[in-house]
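Q: Can you take me through the cavities and ring contacts of this model? Please give the rule behind each label.

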Amino acid sequence: MAGKEAPPAPAAHPPRKAPGGWVWEEAQNPPKRLRGGEVEVQEQPRKLPKRKIVLLMAYSGKGYHGMQRNVGSSQFKTIEDDLVSALVRAGCIPENHGEDMRKMSFQRCARTDKGVSAAGQVVSLKVWLIEDLLDKINSHLPSHIRILGLKRVTGGFNSKNKCDARTYFYMLPTFAFAHKDRDVQDETYRLSAETLQQVNRLLACYKGTHNFHNFTSQKGPHEPSARRYVLEMYCEPPFEREGLEFAVIKVKGQSFMMHQIRKMVGLVVAIVKGYAPESVLERSWGEEKVDVPKAPGLGLVLERVHFEKYNQRFGGDGLHEPLDWAQEEAKVVAFKEQHIYPTIVSTERRERSMAQWLSTLPIHNFSATAIAMGSGTQPPQCWDHRPALPYPAGLPNIL
């Protein structure tokens with residue numbers, strides 16, 4: 001009708017709101033025009049900018065298909081599925097950021113495998129720094145997933161790329177080291193000092209840079225990314241839990257490929273039990289294909305991640321905190337005691353995963369390796385005295 005002003009068109013991009021009235025920094029809320037040309041004065045919602053942070057996470061991986069989220073797949077539940085849901089419900093990210101994690105610059109230090117737990121996983125992301133952020137996130141997480149700490153980091157921080165090294169431990173019942181002539185699950189077995197010394201001598205051979213193409217899948221011997229740098233690997237003295245003796249193997253390296261640590265443990269167990277000659281260890285780093293058994297995933301735990309270079313550059317600049325998590329150590333220990341160790345012990349007793357795996361060691365073919373090496377009785381040459389080459393820059397870190 002002539003002389004009558006047409007109603008205004010709806011906004012093309014309505015603001016994205018979160019609990020508490022906050023809106024995402026880029027969101028716009030144009031003023032509403034009334035009839036007669038007057039403009040309605042609206043109270044502008046508070047704007048809260050995004051900030052890059054890191055979260056210290058601990059979780060029990062039992063029942064999950066790893067850490068990394070599989071967007072669009074609800075069949076295999078992951079740790080990140082529960083984490084993203086909690087972030088959205090806590091109101092520190094918009095819902096659409098949960099659907100596309102790149103929008104919040106999300107990155108994790110390590111993609112832990114199916115069933116693998118973590119006591120010191122670190123993820124980086126951009127969030128609204130709302131009040132009581134940790135408590136609100138944890139209120140929407142199950143008890144076996146906890147956020148133990150939060151720190152502000154530089155805007156370009158990437159938890160995967162800035163990570164210098166990762167430390168894992170592998171907890172296993174010590175009957176895994178019993179000689180093959182003993183019962184496969186002899187719970188009366190106790191690890192002797194002599195056997196522990198042999199285990200540590202073999203584990204020390206992994207130190208330095210080696211070609212680990214036989215310790216993962218879909219890696220050829222000539223691929224540069226198959227070369228990995230191990231800083232240390234050793235077995236701690238045994239201890240008892242619920243009448244069963246366990247030991248913990250610790251390994252620190254720049255990065256690890258899928259299944260690498262489980263195969264490193266599996267091969268040493270096969271040697272100590274007497275299924276494989278010690279010479280197979282050195283041969284596994286050569287170009288030929290070697291049958292390397294893969295230990296169960298149950299006992300593998302990401303213990304901590306390291307940011308030495310970042311801490312040296314930014315930890316003392318007066319603006320950022322060093323990423324050492326010393327103040328959170330008590331909470332990390334408590335989580336391991338409450339959720340990780342009991343899960344490993346109870347699951348091993350109920351499902352007998354280690355005992356079942358040990359029963360498969362005789363079907364592995366170690367004889368071809370021994371024949372190729374001659375007598376097969378020569379111990380591996382541990383090159384601890386040689387300077388280790390660092391992990392080549394620019395290559396993918398899988399774990």
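**Cavities and rings**

A: Tyr170, Met171, Pro173, Phe246, Leu298, Gly299, Ile344, Glu348, Ser353 and Met354 line the largest cavity. The model is predicted: local features need pLDDT of at least 70, side-chain atom pairs 80 or more, while totals for chains, interfaces and linings use all residues. Numbering runs from 1 along each chain, and side-chain values use heavy atoms, without hydrogens or water.

Q: What makes a residue part of the lining of a cavity?
A: A cavity is a set of points on a 1 Å grid over the protein atoms alone where a 1.4 Å probe fits but cannot get out; lining residues have an atom within 4 Å of a point. The largest cavity has a volume of about 50 Å³. Strand β5 gives the largest share of its lining, 3 residues.

Q: Why is the pair of Tyr168 and Phe256 called edge-to-face?
A: Ring centres must lie within 6.5 Å; planes under 30 degrees apart are stacked, over 60 edge-to-face, the rest tilted. Here the centres are 5.7 Å apart and the planes at 90°, so the pair is edge-to-face.

Q: What makes the pair of Tyr310 and Phe314 tilted?
A: Their centres are 5.1 Å apart and their planes at 40°, so the pair is tilted.

Q: How do you know whether Tyr310 is buried or exposed?
A: Buried means under 20% relative accessible area, exposed over 50%, partly exposed in between (1.4 Å probe, protein chains only). Tyr310 has 4%, so Tyr310 is buried.

Key. Phe/Tyr/Trp six-rings, centres within 6.5 Å; stacked < 30°, edge-to-face > 60°. 1 Å grid on protein atoms, 1.4 Å probe; cavity = no way out; pocket = protein on both sides within 12 Å on 5 of 7 lines; lining within 4 Å. Points joined across faces, edges and corners; volume = space filled by probe spheres on them. Helix = DSSP H or I, 4+ residues; strand = E, 2+ residues; numbered from the N terminus.
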